[in-house]
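Thank you all for making the time this morning.

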Amino acid sequence: MKISRRVLLSLLLIMGTVLGTSPVLADKWVGSPPGLQRAMEVQDRNTDHLLTVPGVVGTAIGFRGDGAPVVLVLTEHALVGGLPKSLEGLPVLARVSGKIYARHHRAGHGGGPGNEDPTPPEEPSNSCPEATDPKARIDRPVCIGSSTGHPSITAGTIGARVTDGTDVYALSNNHVYAYENQAVFGDNALQPGDFDGGVDPADVIGTLFDFEPITFSDTANNLMDAAIALSSTANLSNITLSNGYGVPKSTTQTASLNLKVKKYGRTTKLTKGVVFAINATVDVNYSNGVAQFVDQIIITPGDFSAPGDSGSLIVVDGKGRNKGDDRKPVGLLFAGSALMTIASPIDVVLDRFGVTIDGE
Amino acid sequence: MLGAGLSIVQAMGSENDMKGTLAVDAVKSHAEQLMKLPGVVAVGVGLCDTQPCVKVFAAASSPELLAQLPKEIDGVIVALEISGVVRAR
């Protein structure tokens with residue numbers, strides 16, 4: 001499922017890049033989506049004309065809930081008029097994407113005549129050395145550890161910037177970016193999250209790219225609560241706010257008992273704790289019901305995290321002879337009680353998405 | 001999760017590694033059964049004093065739980081922790 005999704009995303013990325021848009025993807029691929037080829041041809045024939053409509057910033061192929069392809073017209077705002085209801089028999093849906101930010105182009109990536117960028121974008125200045133409030137809207141590229149979320153949720157935390165070697169993604173939880181399985185690929189990721197005043201689409205930093213579905217059952221063997229949103233170096237930094245721990249290392253460390261750790265999150269900012277239990281089976285309460293997780297990490301004390309810290313990256317707090325291990329990623333925070341915090345082992349999460357921490 | 005050569009206890013010796021392996025095995029084979037005990041929300045490998053043991057986390061203590069909780073599993077100590085209910089954050 002992951003591979004087919006990736007292949008299709010690449011295809012749509014190429015289309016989107018050529019057209020200067022980001023693709024919007026649908027959920028639930030089963031094999032090759034029927035009608036995709038024809039939809040692409042229709043899109044190809046009509047895009048130039050659609051782009052002449054004021055407020056239209058791009059086109060893409062999307063899929064309705066029943067799997068039927070549609071032409072998506074991406075618009076800067078909701079008030080764009082003059083769009084056809086269908087094209088050559090294919091439904092046309094308008095979707096507010098806001099302004100499309102240029103992705104960081106790299107030699108050998110993408111290709112096609114529209115992908116040549118004669119003036120490479122300047123590296124944006126980084127506001128993180130000054131930012132101290134993770135709930136606030138932070139100038140782009142936004143610092144990790146700050147408030148984020150799918151437009152339908154309250155707020156969680158950007159854990160880290162991760163990379164597959166080509167693109168960069170914001171790492172957080174399924175319940176932060178994928179709305180407990182209910183989101184659609186391509187849904188917006190905001191900074192700050194809705195609860196903290198984030199506005200869709202003005203505060204978009206990325207789009208939902210992949211998530212591990214959560215099985216809601218107290219006999220399930222969930223391994224993680226994790227999701228990634230496709231972002232860019234222009235929108236997403238890899239350093240915490242100034243009152244955090246800085247840039248995480250790219251090399252990870254397996255959790256061990258008594259390991260000293262720290263994290264930076266939206267609610268409790270920088271906190272320190274210790275690995276209290278490993279290989280843990282845990283029943284976690286969600287708005288959708290209870291989900292059982294296995295092979296998790298338990299961290300104490302209780303004030304290590306609070307609601308809103310979900311998605312935080314937990315790293316080693318290395319001092320003295322362990323200083324070399326400082327900031328090595330250990331886990332992805334997603335749940336807790338009054339007395340403990342639950343995290344998924346970071347290696348399992350990174351392997352699932354085929355990415356590494358884009359760190360030091 | 002625990003590969004060869006990886007210590008499950010930070011900065012401790014091989015004796016604890018062996019006990020750690022026993023505790024990991026005890027959790028693996030008994031987590032399902034322990035999770036069914038009244039009020040239990042989590043089961044994992046932790047430390048009792050300095051030795052790896054089975055930690056059972058419950059939302060609250062109760063006479064029913066205390067009556068059913070084993071003192072040890074496969075020679076590994078079982079310790080109860082009161083944790084409260086676990087929620088997504």
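Predicted model: local features only at pLDDT ≥ 70, side-chain atom pairs only at ≥ 80, totals over all residues.

**Salt bridges, buried residues and a chain contact**

Let me start with Asp210(A) and Arg352(A), whose side chains meet in a salt bridge at 3.1 Å, N to O, where a salt bridge is a side-chain nitrogen of Lys or Arg within 4 Å of a carboxyl oxygen of Asp or Glu. Asp210(A) sits in strand β11 of chain A and Arg352(A) in helix α4, residues 346–353, so the pair ties together parts that are 142 residues apart in sequence; helices (H or I, at least four residues) and strands (E, at least two) are DSSP runs, numbered from the N terminus. Asp210(A) and Arg352(A) are both buried, and by buried I mean under 20% relative accessible area, with exposed being over 50% and partly exposed in between, for a 1.4 Å probe and protein chains only.

Residues are numbered from 1 along each chain as its sequence is written, chains are lettered from A and ligands numbered from 1 in the order in which they are written, and side-chain values use heavy atoms, with hydrogens and water left out.

Arg137(A) forms a salt bridge with Asp203(A), with the closest N and O atoms 2.6 Å apart. This pair links distant parts of the chain, 66 residues apart, with Arg137(A) in the loop between β4 and β5 and Asp203(A) in the loop between β10 and β11 of chain A. Arg137(A) counts as partly exposed, at 42% relative accessibility, whereas Asp203(A) is buried at 7%.

A further salt bridge joins the side chains of Lys272(A) and Asp317(A), at 3.7 Å from N to O. Since Lys272(A) lies in strand β15 and Asp317(A) in the loop between β17 and β18 of chain A, the pair ties together parts that are 45 residues apart in sequence. Here Lys272(A) is partly exposed at 43%, while Asp317(A) is buried at 10%, and both belong to a network of salt bridges whose members include Lys262(A) and Glu360(A). Over all chains, a search of the whole structure finds 15 salt bridges.

On the chain A side, β15(A) gives the most, with eleven residues. By class, that side has 19 nonpolar, 17 polar and four charged residues. In all, 40 residues from chain A and 33 residues from chain B take part in the contact, contact meaning heavy atoms within 4.5 Å. Of the chain A residues, Leu257(A), Phe276(A) and Asn279(A) lose the most area to chain B, together 22% of what that side buries.

As for chain B itself, two helices and five strands are present, running α-β-β-α-β-β-β from the N terminus on, and 45% of its 89 residues count as buried.

Key
Buried area = accessible area lost by both parts, 1.4 Å probe. Nonpolar A, V, L, I, M, F, W, Y, C, P; charged D, E, K, R; others polar.
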